[in-house]
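Here are my notes on the model you sent over.

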Amino acid sequence: TFAGLAGQQAFVDGIGNNARFTNLYGIALSLDNNFLFVCDLSNNAIRQIQISDANVTTLTGNGTQAFQDGPLNQARFKFPVGIALNSL
């Protein structure tokens, strides 16, 4: 396990096994290989994991189910399951 703790489901940012997720699905690696991005399905969020220190932060979504476009701090999701990055 790179980040989080097996069997401990929650919505907590943190470093390594101090972070918590609930039902991870999609995963993508940044083009510079510095970050992993994951869909935290049951927390309705996209989480970012820094490769160098396993620091987990919530990139967007706040745990509330909703469909809302907007900047990172305003966007909302309902069960995100896939993620992809564009090099453009």
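1. Which residues make up the largest nonpolar core? The seven are Ala3, Ala19, Phe21, Leu36, Val38, Ile49 and Val56. A nonpolar core here is a set of buried Ala, Val, Leu, Ile, Met, Phe, Trp, Tyr and Cys residues joined through side-chain atoms within 4.5 Å. Buried means under 20% relative accessible area, exposed means over 50%, and partly exposed is in between, with a 1.4 Å probe and protein chains only. As background, nonpolar side chains tend to be buried together in soluble globular proteins.

2. Some housekeeping before going on. This is a predicted model, in which local features need pLDDT of at least 70 and side-chain atom pairs count only at pLDDT 80 or more, while totals for chains, interfaces and linings use all residues. Residues are numbered from 1 along each chain as its sequence is written, and side-chain values use heavy atoms, with hydrogens and water left out.

3. Now the sheet. Five strands form an open sheet in the order β1-β5-β4-β3-β2, with antiparallel pairing. The edges are β1 and β2 (24-29), each with a single partner strand, so one side of each has no neighbour in the sheet. Strands are DSSP runs (E, at least two residues; helices would be H or I, at least four), numbered from the N terminus. Two strands pair if DSSP finds at least two bridges between them.

4. Take β2 and β3 next. Strand β3 (residues 35-40) pairs antiparallel with β2 over four bridges. Within that pairing, leucine 29 has leucine 36 as its bridge partner, and isoleucine 27 has valine 38. The hairpin of β2 and β3 has five residues between the strands, and asparagine 33 takes a positive phi near 60° there.

5. β3 and β4 run antiparallel and are joined by six bridges. Cysteine 39 stands opposite isoleucine 46, and valine 38 is the bridge partner of arginine 47. Four residues separate the two strands in their hairpin, and asparagine 44 in the turn has a positive phi of about 50°. Burial is worth a look too: five of the six residues of β3 are buried, and five of the six in β4 are buried.

6. Then comes β4 (residues 45-50) with β5 (residues 55-60), an antiparallel pair over five bridges. Glutamine 48 sits opposite threonine 57, and glutamine 50 has asparagine 55 as its bridge partner. This hairpin has four residues between its strands, with alanine 54 in the turn at a positive phi of about 60°.

7. Besides being one of the core residues, valine 38 is in contact (heavy atoms within 4.5 Å) with Phe21, Leu24, Gly26, Ile27, Ala45, Ile46, Arg47 and Ile49, leaving aside neighbours within four places in sequence.

8. What about charges? The structure holds two salt bridges, meaning a side-chain nitrogen of Lys or Arg within 4 Å of a carboxyl oxygen of Asp or Glu. Arginine 47 pairs with aspartate 13, the closest N and O atoms being 2.9 Å apart. Arginine 47 lies in β4 and aspartate 13 in the segment before β1, so this pair ties together parts 34 residues apart in sequence. Arginine 47 also pairs with aspartate 40, with the closest N and O atoms 2.6 Å apart. Together, Asp13, Asp40 and Arg47 are linked in a network.

9. Where do those charged residues sit, by accessibility? Arginine 47 is buried at 0% relative accessibility, and aspartate 40 is also buried at 0%. Aspartate 13 is partly exposed, with a relative accessible area of 40%.

10. Phenylalanine 2 is in the segment before β1 (14-15) and is partly exposed at 42% relative accessibility. Asparagine 18, in the loop between β1 and β2, is exposed with a relative accessible area of 52%. The C-alpha atoms of asparagine 18 and glycine 4 are separated by 6.2 Å, although these residues are 14 apart along the chain.
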